[in-house]
Amino acid sequence: MKYLSTRDDSLSRSFNDILYQGLSRDGGLYLPQSWPKIDLLSLKNKSYEEVACEIIFPYVNENIEKLELQKILNETYANFNHEKIAPLVKLKNNKFLLELIYGPTYAFKDYALQFLGNLFSTSLEMSPKKITVLGATSGDTGSAAIHSFKSKKDINVFILHPHNKVSPIQQKQMTTVIDKNIFNIAIDGNFDDCQKIVKELFVDDEIQESTSLTAVNSINWARLIAQVVYYFWAYLQADTQKINFIVPSGNFGNIFSAFVAKQMGLPIGHLHIATNSNDILKSIVDTGEMKKKSVFQTYSPSMDIQVSSNFERQIFESLNRDSKRVNEVFESFSSKGFYQFDDSVLAKFQQIYKASSIDDNQTLETIKHVYEKYNYIADPHTATGLKVLLDKKDDEVWVSLVCAHPAKFDNAVNKAINKEIDIPKELSNLFDKEEKMTILPNSTMDVKNFILEKISNA
């Protein structure tokens, strides 16, 4: 398997070439040159780890032996606290929830980032060097990455998050990890500002010459392929001919992983994006307009995003994998702050996706309704998908993703159901721990200088 860039379709890179880069030097995102197909019958009666190996191996087979990959995956999910790793829960007839909350930080990001941490460690054992992990987070990616890479040899981790714009537990999950290789940076801005800084640093020659810079956001292809797995796993548990998914989405990586699963042969009928009031994804799917807007702070902070990086991969696919046209789109978007896709491209988006925007009031109402009717407590991100799920007809199988444990957003959940919820011991203990965090202005240069200083002293 070779990889190209959304900004340069002539590239031909190996998996090892792209594993650490995350973002291509041309500013594009990596994709495989072709989509491998999976024999669904071969997945029957396999464990989650075995299914993961079958899904991921075609993407890494040039550089990783299958037995080695299986070992990495077995280690990755050994400590997840559910025997099915990602169980499918029936809400009502033909309506299901895929629970992705059984990793160490109680969020779906663990399923990919625990894998990525073990993958990096194995790779560094075979080819020793020091790397610098850099990521932006709107909440859960940061804590999942930090818990995956803490105390790892030869890996320094710098995670940017928007200051005072993540939930208290999300912040504590990051900032109470005081291992010497972990650096939390709170940016005086929003998530899009953090993401912009990360992207600019990945194409900065000075920092690239000083360290091997590595991405953990969903711009990193290795992260996305780990997320593809649980869509196949949901299908196997549902035991159905065709399956549809509802995915709460901010940065588009999770639902693009479902698109990848479909390209690999998973019989997905419909993909429905659930967003909050930050509705750029709904705007693109409904009207074809990509426009920079102000970011609203909501009860679902991990989706408080207006520039969805992974949507570039979908644009590339919908433009017939023509990187020249992708470059034209983003040159225009960068200079004007908006871009209008033509009707033919919009039609391609709409053939694949539908989208809904769920505001804070609807989110709280949905949490309350689902608790009262089904005795199920959902976090506010999951609730955006549940609102869509409850409105669907039950003549087809629909699966909505559970994004995080409700205790991570207990303020919103308590407000919705008027009840204190049980908080897992690992989360409640966070408030007794000291924090380690550096607050920096919304400045790429300031962040760059901070990273260079820290790695020079490491």
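**Entry 1: H4 against H9**

I looked up how helix H4 passes helix H9 and noted a right-handed crossing. The model I am reading is predicted. H4 covers residues 110–126, and its axis lies 8 Å from that of H9. I wrote down an angle of about 130° for this pair.

Next I listed the residues that touch. H4 contributes Tyr111, Ala112, Leu113, Phe115, Leu116 and Leu119. From H9 come Ala222, Arg223, Ala226, Gln227 and Tyr230. I sorted the residues of this contact by class and got nine nonpolar, one polar and one charged.

**Entry 2: H2 against H9**

I then turned to helix H2, residues 48–60, and its packing on H9, residues 221–238. The two axes come within 9 Å and cross at roughly 135°. That angle makes H2 oblique to H9. I recorded the crossing of H2 and H9 as right-handed.

Which residues of H2 make the contact? I found Tyr48, Val51, Ala52, Ile55, Ile56, Tyr59 and Val60. I also noted a reminder for reading such lists: an α-helix has 3.6 residues a turn, so residues three or four places apart point the same way. On the side of H9, the contact takes in Trp221, Ile225, Ala226, Val228, Val229, Tyr230, Phe232, Trp233 and Leu236. By class, I counted 16 nonpolar residues in the contact of H2 with H9, with no polar and no charged ones.

I checked H9 in both lists.

**Entry 3: H10**

Is helix H10 mostly covered or mostly open? I found H10, residues 253–263, mostly covered, with nine of its eleven residues buried. The buried residues of H10 are Gly253, Asn254, Ile255, Phe256, Ser257, Ala258, Phe259, Val260 and Ala261. Just after H10 I came to Gly265, which takes a positive phi of about 115°.

**Entry 4: cysteines**

How many disulfides does a search of the whole structure find? I got zero. Cys194 has 0% relative accessibility, so Cys194 counts as buried. Cys403 has a relative accessible area of 5%, and because buried means under 20%, Cys403 is buried too.

Notes
Residues numbered from 1 in each chain as written. Predicted model: local features only at pLDDT ≥ 70, side-chain atom pairs only at ≥ 80, totals over all residues. Heavy atoms only, no water. Disulfide = S-S within 2.5 Å. Buried < 20%, exposed > 50% of the residue type's maximum accessible area, 1.4 Å probe, protein only. Axes fitted to C-alpha atoms, helices over the stretch in contact; angles between N-to-C directions. Helix = DSSP H or I, 4+ residues; strand = E, 2+ residues; numbered from the N terminus. Parallel < 35°, antiparallel > 145°, perpendicular 65-115°, else oblique. Left-handed = near helix turned anticlockwise from the far one by under 90°. Contact = heavy atoms within 4.5 Å. Nonpolar A, V, L, I, M, F, W, Y, C, P; charged D, E, K, R; others polar.
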